[in-house]
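I opened this notebook to record what I looked up in the structure shown below. The entries go from the whole chain to single strands and then to one residue.

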Amino acid sequence: MHQDRSAGRTAGRLGAAVTVCLTLLPVVGCSAGSGGVAAGEPGARASAAAAVSAKDGGGPGTASAAPTAASTPEPAALAQAQVNIADGRTVGVGMPISVTFPKPVPAADRKAVESLLRVQTSTGTTGAWSWVKDQNLRDGQRVDFRPKTAYWQPGTKVTLHVGAHAVHQFTIGRSLIASVDVDAHMMTVRADGRTTHIPVTTGRPGLDTWNGTMVVMDKAPKVHMDSRTVGLGDAYNGDYFWAVHLTTSGTYVHQNERADTEAGHHNVTHGCVGLATDGTARKFYDQIRVGDVVTVSGGKKDIVATGNGYGDWNLSWEQWLARSAAGETATA
C-alpha cells in the first residue's frame with residue numbers, strides 16, 4: 001500500500017511502509033493508500049529517522065559538526081546514527097530523542113554508544129537511554145532518551161552530541177496533553193492553561209483504538225486510506241483530512257464524516273479517533289504539533305507497544321532502565 005500526502009505533511013516518524021489506522025492482531029484499520037511513503041517513516045527508514053519540526057513541517061535537519069574528536073575510538077555505529085529531531089526545531093513535551101542505526105549495535109558496544117550520545121539541557125533533567133524494539137527495525141537499531149518524569153519541561157533547550165560526529169539542538173515547546181476517554185466518547189485537551197472538551201468517536205468493538213500514551217509522529221492535511229491494504233475489504237477508500245499520526249501501525253486523529261452524528265455518542269471507526277467536519281478537526285490539527293501527547297483510556301484494546309511509534313511513556317522508569325546499558329544520567 002501507499003500513502004498520499006499531496007497537500008503537505010509534517011515530517012516525523014510515520015509508521016510502516018504499510019500504514020494503517022489500527023492494529024488487527026497484529027495489523028489494523030485506517031491504512032494509508034496510494035502515493036508513496038514519506039521519507040523518515042519508521043517503516044521506510046531502513047537506516048534513518050525523519051526529523052520533526054517546530055512548525056509542524058520540515059524534513060531531516062542538518063546538524064552542525066561536533067567541534068572535537070573523541071579521545072578514544074568510538075563504536076562505528078555512531079558515524080551513521082540518525083536522529084529523529086531536526087536541528088533547530090521545536091517539539092512537544094512528549095517527544096523522546098530517538099537515534100537509529102543502519103544495522104544492530106552489538107550488545108558489547110551499547111554502553112559506549114549511550115555514553116557518547118551526550119544530552120545537555122538548559123534545565124537539569126534526569127533521564128536515560130533505552131534500547132527500543134522498533135516495529136520495523138531489528139533489536140539494537142534504535143535507542144531512545146526520555147526524562148525520568150513525564151514529560152520534558154516546557155521551554156527546555158536540548159543539545160545532543162553524537163560522539164565526535166554532530167551536534168543537534170532543539171527546543172521543547174508549550175505543553176499540550178490530549179486525553180481520549182473511549183467510554184465517554186470525549187477528548188480533553190489541556191494546553192496553554194486552558195482545558196477544552198471535544199466529542200469524539202473511536203474504534204468500534206473488535207476494531208478498538210489502542211490504549212496508552214502516544215506521541216504525535218507527524219501530521220498531514222490529507223492522507224489517502226484504503227481498507228483493502230489491511231484486510232478490511234471495501235470498508236473505506238478515500239482521502240481523510242486533518243490527519244494527526246500517532247502510531248507506526250497507523251492510528252490517527254482525523255476528520256471523519258460519521259463523527260458529525262456519532263461523536264460524543266458511539267464508537268464507530270476502524271480504530272482511529274474521529275472528529276467532526278464542522279471545523280473541529282481542523283482546529284485540533286492547527287493546535288497540535290509533533291511531539292505533543294495523546295493518551296487513550298477505556299475500551300478493550302491493549303496498551304500500545306513501545307516501538308509502535310513513540311510508546312516510550314508506557315513503561316515505568318524501572319522498565320525503561322532495564323533496557324539501558326549505561327543507566328540513569330543527569331543532564332546540565
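The entries below follow the order in which I looked things up.

**Entry 1: the whole protein.** I note at the outset that this is a predicted model. I looked up the secondary structure and found four helices and 18 strands. I then turned to burial: of the 332 residues in the protein, 56% are buried. The accessible surface comes to about 12,900 Å², and carbon and sulfur atoms account for 50% of that surface. For contacts between residues at least 6 apart in sequence, I recorded that 72% join residues at least 24 apart.

Entry 2: In which order do the five strands of the open sheet stand? I read the order as 1-3-6-5-18, with antiparallel pairing. Strand 1 (82-83) and strand 18 (329-331) stand at the edges with a single partner strand each, so one side of each has no neighbour in the sheet. I followed the pairing of strand 18 with strand 5 (residues 125-131), which is antiparallel and runs over three bridges. Within this pair, I found Gly-127 opposite Thr-329 of strand 18.

As background, I wrote down that strands of a sheet pair through backbone hydrogen bonds, in either a parallel or an antiparallel sense.

Entry 3: I next looked up strand 14 (237-245) and strand 15 (252-255). They pair in the antiparallel sense over two bridges, and Val-244 stands opposite Val-253 in strand 15. The two strands form a hairpin, with six residues between them. In the turn, Gly-250 has a positive phi of about 110 degrees. Strand 15 is also joined to strand 16 (residues 273-275) by three bridges, and here the strands run parallel.

**Entry 4: Thr-247.** Where does Thr-247 lie? I located Thr-247 in the loop between strand 14 and strand 15. Is Thr-247 buried or exposed? Its relative accessibility is 0%, and therefore Thr-247 counts as buried, the cut-off for burial being under 20%. I also looked up the surroundings of this side chain. A polar contact of 3.0 Å joins the side chains of Thr-247 and Ser-249. Leaving aside residues up to four places away in sequence, I listed Trp-210, Met-214, Met-217, Val-304 and Asn-308 as the residues that Thr-247 touches.

How values were computed. Residues numbered from 1 in each chain as written. Predicted model: local features only at pLDDT ≥ 70, side-chain atom pairs only at ≥ 80, totals over all residues. Heavy atoms only, no water. Buried < 20%, exposed > 50% of the residue type's maximum accessible area, 1.4 Å probe, protein only. Polar contact = N/O pair within 3.5 Å; in protein donor to acceptor, adjacent residues only side chain to side chain. Contact = heavy atoms within 4.5 Å. Areas by Shrake-Rupley, 256 points an atom, 1.4 Å probe, with all protein chains shown as cover. Pairing = 2+ DSSP bridges.
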